[in-house]
Amino acid sequence: MSATASTSFARPCLARRVRSSRRVRTAAVASADTQNEEGVQVSKRLLLAAGATTLAASGARSALADDCPTINSCTLCCFAETTNKVYFDVEIGGEPAGRVVFSLFGKDAPKTVENFRQLTTGEAGFGYKGSIMHRVIKDFVVQGGDFDRGDGRGGKSIYGRTFPDESFSLAHVGAGVLSMANAGPNTNGSQFFVTLAPTPWLNGRHVVFGAVSEGMDVVRKIESNPTARGDRPIKEVKVVSSGELPIS
């Protein structure tokens, strides 16, 4: 993303809805925090357009809501092939909340899937175990993956600090979609988000590579956890254990 001041880091982010001065939601925007030479936080926002033209340009595939029986089902799992399954065991405020299982779609985004898989198992020597969900926005997303700082400014991929966008072939079709957070094009690291509703304005901007196939009720528990400034959960949401599961 362009900046008016030189930056030392960019914070992975994603498009979100904001309220105008009249407190009416009017747009979908992407925001990133950067730091100038004096160490001052600078907030930048980029308006994202959504519509048929954007979706066609991104090559995103559509999915019908009735492909799966309920809103909390893994809609993408109905037509994207699961190549790997991984899990997070989650605590909220120090209390066990349950397990979230992700189906990963390695034929659509093999490099992105392998990054997430290795960060889940920890085989690269670092990863998601012990990390937190640092941002929760009701009816929008749960964001995590910053195992370095826990505030949205850290994390790294197994390939280096960042790696390029791989594919926009899958769309943000509903709740439970697993996608990469970023700070602009080709800046994928370890941060990710899980959608809580359809978010079509993110198509062509963020790489979808998986979906929640079990434990959407746990994701909803995370969503219902009250948040403070910066959309940070008041009760810490922690990944206490993570790993890979066999595909049944």
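Predicted model: local features only at pLDDT ≥ 70, side-chain atom pairs only at ≥ 80, totals over all residues.

Biologist: How many aromatic pairs does the structure hold?

Modeller: There are 13 aromatic pairs in the structure.

Biologist: Why is the pair of Phe88 and Phe116 called tilted?

Modeller: The ring centres of Phe88 and Phe116 are 6.0 Å apart, and a pair needs centres within 6.5 Å. Their planes stand at 40 degrees; stacked would need under 30 and edge-to-face over 60, so tilted is what remains.

Biologist: What makes this pair a tie between parts of the chain?

Modeller: Phe88 belongs to strand β4 and Phe116 to helix α2, so the pair joins parts that are 28 residues apart in sequence.

Biologist: Why is the pair of Phe88 and Phe192 called tilted?

Modeller: The centres of Phe88 and Phe192 are 5.8 Å apart and the planes are at 50 degrees, so this pair is tilted. It links strand β4 with strand β9, 104 residues apart.

Biologist: How do you know whether Phe88 is buried or exposed?

Modeller: Its relative accessibility is 1%, and buried means under 20%, so Phe88 counts as buried. Phe192, at 1%, also counts as buried.

Biologist: Which aromatic cluster includes Phe88?

Modeller: One that also has Phe116 and Phe192 among its members, including Tyr128 and Phe209.

Biologist: What makes you say that a charge sits over the ring of Tyr87?

Modeller: The charged end of Arg99 is 3.8 Å from the centre of that ring, and the distance limit is 6 Å. Likewise, the charged end of Lys111 sits over the ring of Tyr159, 4.7 Å from its centre.

Definitions and conventions:
Residues numbered from 1 in each chain as written. Heavy atoms only, no water. Helix = DSSP H or I, 4+ residues; strand = E, 2+ residues; numbered from the N terminus. Buried < 20%, exposed > 50% of the residue type's maximum accessible area, 1.4 Å probe, protein only. Lys NZ or Arg CZ within 6 Å of the ring centre and 35° of its normal.
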